[in-house]
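Let's take a look at a protein together, starting with the whole chain and then zooming in on one piece of it. Have the sequence and the 3D view ready.

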Amino acid sequence: MHVSELVRALRPQLDVVVRAFGQPRDEANTFAYLVPAELTGANPALATLGVDLQIAQDVAGADLVHSHTWYANGAGHLASLLHGIPHVVTAHSLEPLRPWKAEQLGGGYRVSSWIEATAFAGAAKVIAVSEGMRQDILRSYPFLDEEKVSVVYNGIDLDRWHPVDDDEQLRSLGIDPDRPSVVFVGRITRQKGLPYLLKAAAKLPKDVQLILCAGAPDTPEILAEVKAGVAALKKKRSGVVWIDRLLSQYELSAVLTKATTFVCPSVYEPLGIVNLEAMACGAPVVGTATGGIPEVIVDGVTGRLVPIDQLTDGTGTPVNPDRFVDDLAATLTEVLSDPEAARRMGEAGRLRAESDFSWGRIATQTKEIYESLA
């Protein structure tokens with residue numbers, strides 16, 4: 001999402017060529033690459049490198065290469081070496097702070113970590129999507145010059161993301177538009193904190209619906225844990241709606257617009273575009289006070305922050321999980337208990353999205369970084 005919107009905002013000002021993973025896209029100057037046939041059954045980290053090699057070769061002729069996440073960092077770093085051009089990295093997450101990925105990638109997690117560290121070391125500039133993320137980068141990679149790491153926020157397309165009132169759409173999704181609701185949107189992964197939310201939801205008022213727009217599990221184990229949590233919750237309360245398919249933007253906008261509150265229970269979140277999407281649709285956001293989330297939510301104004309004391313082992317695990325669950329439930333209940341105050345926070349969130357997170361502003365800041373490397 002970040003790359004798609006940033007490219008859209010940059011193209012009127014710069015000649016931008018996109019080289020992406022996956023199937024062909026019907027978009028000018030956008031080229032897609034599949035995993036080489038010889039690596040289709042390989043560890044995902046090696047398959048990723050197979051795509052990176054193809055992209056690095058084709059970057060010839062560019063003045064600068066900009067990569068996002070470790071998947072593309074290998075392509076950016078190799079292209080920089082091969083073609084003698086600056087490499088800019090935008091960090092949306094950090095491998096040292098996602099140790100649970102070893103469950104998903106096995107030894108490939110060591111490969112992905114090596115790719116990221118190597119790319120950061122060689123980059124001409126590293127962009128963090130929040131100040132919290134910048135501090136995480138400098139802690140994770142202390143060899144980096146602080147002057148090389150800048151902050152440019154994620155953004156939101158405010159023309160595309162806006163309130164959508166459609167009760168019939170909600171009913172078609174199994175949601176009762178007349179009941180208060182807490183909405184979660186995210187992948188089923190350790191960092192999103194979904195198991196904590198499921199425990200907290202058991203403590204919410206009985207008339208509250210929990211809407212889970214959650215799919216793309218990292219591993220069968222985390223999926224099984226979430227399934228068990230949802231099943232246990234359904235035995236205690238009604239109004240638990242789990243939508244595991246990818247909703248269209250219109251559908252998701254309708255869900256967010258009607259939410260009494262949106263919730264982001266992440267234990268690791270550099271910023272969270274989904275929080276901006278919720279704000280743009282007029283929903284107050286209750287989020288964990290970790291990573292870049294406190295830079296998005298103005299506590300008591302656009303939503304509420306949930307305190308968390310975390311282990312320092314890179315997992316983000318709460319030191320006291322029961323306390324975090326209790327604090328999450330209490331904060332959600334506080335917002336749910338005053339719908340008028342929640343509505344005002346939602347309106348303030350929309351205004352904050354407009355003032356601080358427009359893609360035009362973010363494109364300008366990104367272009368300035370490019371120009372500083374010319």
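Of the contacts in the protein with a separation of 6 or more, what share comes from residues 24 or more positions apart? It's 66%. Keep in mind that this is a predicted model.

Now for the overall build. The secondary structure comes to 14 helices and twelve strands. How does the protein compare with a compact globule? A globule of 374 residues would have a radius of gyration near 21 Å, and the protein has 21 Å, so the two agree. Here are some whole-protein values:

| Property | Value |
|---|---|
| Span of the C-alpha trace along the principal axes | about 60 × 40 × 40 Å |
| Residues that count as buried | 53% of 374 residues |
| Accessible surface | about 16100 Å² |
| Distance between the mean positions of the positive and negative charges | 4 Å |

Carbon and sulfur atoms hold 53% of that accessible surface. As for the charges, there are 35 positive and 47 negative ones.

Time to zoom in on helix 3, which runs over residues 69-83. Its 15 residues reach 21 Å from the first C-alpha to the last, close to the 21 Å expected at 1.5 Å a residue.

How values were computed. Residues are numbered from 1 along each chain as its sequence is written. This is a predicted model: local features need pLDDT of at least 70, side-chain atom pairs count only at pLDDT 80 or more; totals for chains, interfaces and linings use all residues. Side-chain values use heavy atoms; hydrogens and water are left out. Helices (H or I, at least four residues) and strands (E, at least two) are DSSP runs, numbered from the N terminus. The radius of gyration is taken over C-alpha atoms; the globule rule is 2.2 Å times the number of residues to the power 0.38. Buried means under 20% relative accessible area, exposed over 50%, partly exposed in between (1.4 Å probe, protein chains only). Contact means heavy atoms within 4.5 Å. Accessible areas come from the Shrake-Rupley method with a 1.4 Å probe; for residues, only the protein chains shown count as cover. Lys and Arg count as positive and Asp and Glu as negative; His and the chain ends are not counted. The place of a charge is taken as NZ of Lys, CZ of Arg, CG of Asp or CD of Glu. The expected span of a helix is 1.5 Å times one less than its number of residues.
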